[in-house]
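Hi there,

Here is the structure I promised to pass on.

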Amino acid sequence: GLKKKEVNVLCLGLDNSGKTTIINQLKPSNAQTQDIVPTIGFSIEKFKTSSLCFTVFDMSGQGRYRNLWEHYFKEGQAIIFVIDSSDKLRMVVAKEELDTLLNHPDVKHRRIPILFFANKMDLKDALSSVKVSQLLCLENIKDKPWHICASDAVKGEGLQEGVDWLQDQIK
Ligand code: GTP
Ligand code: MG
């Protein structure tokens with residue numbers, strides 16, 4: 001049969017935002033793990049969609065590991081950026097990390113699609129995806145296709161819509 005196109009994706013966002021939970025949900029059920037622990041450094045994962053085979057660099061979001069991210073920017077053909085929509089105190093930190101990403105020479109002039117997950121939408125005090133996109137000033141991203149989806153990674157809600165969008169940007 002036809003071989004699926006291989007795509008490298010960077011999964012970025014602060015610690016505890018839900019990156020590993022999201023990637024785990026996108027894997028086939030027989031490859032999913034039950035116990036998700038904070039990522040140390042990064043982990044390489046794979047999942048497939050109808051036309052693509054994604055290799056994901058699931059980066060740790062902990063402060064002490066965030067300086068690793070930039071070493072993989074060159075590799076990334078797409079970015080998944082995850083935000084904990086209920087973590088209002090650290091929204092400004094998430095914005096700083098996003099701005100660092102967007103201004104990095106390995107990212108700045110490339111038309112890489114960025115998929116944002118406004119995750120943890122199930123929590124009572126979660127901000128809407130519209131509010132998250134305002135706080136992160138996403139409308140200022142003019143030179144890259146981007147999309148934001150509200151998600152609940154524990155239940156797996158909102159993830160497929162995002163991945164469908166990402167696939168459309170690449171195929
Ligand atoms: P690091 O690896 O440390 O960068 O964190 P991470 O972004 O990979 O977060 P992880 O997937 O480990 O999830 C952190 C915690 O948030 C876990 O306890 C998850 O079960 C929980 N979590 C993830 N997504 C959701 C969600 O949509 N809703 C709720 N309520 N909890 C979530
Ligand atoms: Mg993780």
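This is a predicted model: local features need pLDDT of at least 70, side-chain atom pairs count only at pLDDT 80 or more; totals for chains, interfaces and linings use all residues.

The largest nonpolar core holds 27 residues, and Leu12, Phe81 and Phe116 have the most contacts inside it. Strands E1 (5–12), E3 (52–59), E4 (78–84) and E5 (114–119), together with helix H2 (91–103), each give two or more residues to this core. H2 gives the most, with five residues.

If you click on Phe116, you will see that it touches Phe81, Ile83, Leu98, Leu138, Ile141, Trp146, His147, Ile148 and Cys149, leaving out residues up to four places away in sequence. There is also a second, separate core of 22 residues, which includes Val56, Phe117, Cys149 and Leu166.

Next, helix H5, which covers residues 159–170. At 1.5 Å a residue, its 12 residues should span 16 Å, and the C-alpha atoms at its ends are 17 Å apart, so the two values agree. The buried residues in H5 are Leu159, Gly162, Val163, Trp165, Leu166, Gln167 and Ile170.

Finally, is Ser86 buried or exposed? Ser86 sits in the loop between E4 and H2. Its relative accessible area is 17%, under the 20% cut-off, so Ser86 counts as buried. Its side chain makes a polar contact of 2.7 Å with the side chain of Asp84. Setting aside neighbours within four places in sequence, Ser86 is in contact with Leu123, Asp125 and Ala126.

Happy browsing!

Technical notes:
Residues are numbered from 1 along each chain as its sequence is written. Chains are lettered from A and ligands numbered from 1 in the order in which they are written. Side-chain values use heavy atoms; hydrogens and water are left out. A nonpolar core is a set of buried Ala, Val, Leu, Ile, Met, Phe, Trp, Tyr and Cys residues joined through side-chain atoms within 4.5 Å. Buried means under 20% relative accessible area, exposed over 50%, partly exposed in between (1.4 Å probe, protein chains only). Helices (H or I, at least four residues) and strands (E, at least two) are DSSP runs, numbered from the N terminus. Contact means heavy atoms within 4.5 Å. The expected span of a helix is 1.5 Å times one less than its number of residues. A polar contact is a pair of N or O atoms within 3.5 Å; within protein, one must be able to donate a hydrogen and the other to accept it, and residues adjacent in sequence count only if both atoms are side-chain atoms.
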